[in-house]
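Grab a pencil and let's work through a protein model together. Try each task yourself before you read its solution.

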Amino acid sequence: MAKGIIYIMNTAVSGLIKIGKTGSKNYPERMRVLEANGYYNVAGLKRFFAIELEDYDYKESLLHEIFIKHQVGSSELSALDQDLVRQLLLSFDGTVVYPDIVTGK
């Protein structure tokens with residue numbers, strides 16, 4: 001099973017979040033690109049939470065399936081409470097990579 005990162009990002013629109021995935025090595029660059037350029041014409045993306053785990057492809061698609069009724073079009077954007085998604089991700093066996101437990105950043 002492949003190991004990677006599932007992340008949650010806030011947007012400039014209150015209550016609209018992005019749930020996405022990336023390989024562990026690609027994570028810093030993926031965050032830089034999204035925070036600088038936005039996604040799907042939505043600007044102001046900011047990291048909220050990220051966890052590294054096994055079988056991340058399957059788990060990320062499972063999240064999108066669970067929250068399908070909250071999805072905006074065919075994007076990875078959802079009208080959801082970020083804390084609800086974070087709590088669900090914490091139920092998976094993984095390592096939190098953002099926020100850093102030591103620095104809080």
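Some ground rules come before we start. This is a predicted model, so local features need pLDDT of at least 70 and side-chain atom pairs count only at pLDDT 80 or more, while totals for chains, interfaces and linings use all residues. Residues are numbered from 1 along each chain as its sequence is written, and side-chain values use heavy atoms, leaving out hydrogens and water.

**Exercise 1. Work out the order of the strands in the sheet and how they pair.**

Step 1: Know your terms. Helices (H or I, at least four residues) and strands (E, at least two) are DSSP runs, numbered from the N terminus. Two strands pair if DSSP finds at least two bridges between them.

Step 2: Read off the order. Five strands make an open sheet, β4-β2-β1-β3-β5, with antiparallel pairing.

Step 3: Find the edges. β4 (77-79) and β5 (94-98) each pair on one side only.

Step 4: Look at the bridges. β1 and β2 are joined by seven, β1 and β3 by eight, and β3 and β5 by four.

**Exercise 2. Describe how the helices α1 and α2 lie on the strands.**

Step 1: Set the rules. Contact means heavy atoms within 4.5 Å. Axes are lines fitted to C-alpha atoms, for helices over the stretch in contact, and angles run from 0 to 180 degrees between N-to-C directions.

Step 2: Now α2. That helix lies across β1, β2 and β3, running at about 165 degrees to β2.

**Exercise 3. Find out which residues touch the most other members of the largest nonpolar core.**

Step 1: Define the core. A nonpolar core is a set of buried Ala, Val, Leu, Ile, Met, Phe, Trp, Tyr and Cys residues joined through side-chain atoms within 4.5 Å. Buried means under 20% relative accessible area, exposed over 50%, and partly exposed in between (1.4 Å probe, protein chains only).

Step 2: The largest core has 15 residues, and I6, I8, I19, V85 and L89 touch the most other members. Two or more residues each come from β1 (3-10), β2 (16-23), β3 (46-54), α2 (56-66) and α3 (82-90). β3 gives the most, with four.

Step 3: A second, separate core has 12 residues, including Y7, M9, L16 and A50.

**Exercise 4. Decide whether I51, N41 and D55 are buried, exposed or partly exposed.**

Step 1: Start with I51, in strand β3. I51 is buried because its relative accessibility is 1%. Leaving out residues up to four places away in sequence, its contacts include I6, L89 and F92.

Step 2: Move to N41, in the loop between α1 and β3. Its relative accessibility is 86%, so N41 counts as exposed.

Step 3: Finish with D55, in the loop between β3 and α2. Its relative accessible area is 25%, so D55 is partly exposed.

Step 4: Check the backbone too. Most residues other than glycine have a negative phi, and most peptide bonds are trans. N41 has a positive phi of about 65 degrees, and D55 has one of about 55 degrees. As for the peptide bonds, the one from Y98 to P99 is cis, with omega near -5 degrees.
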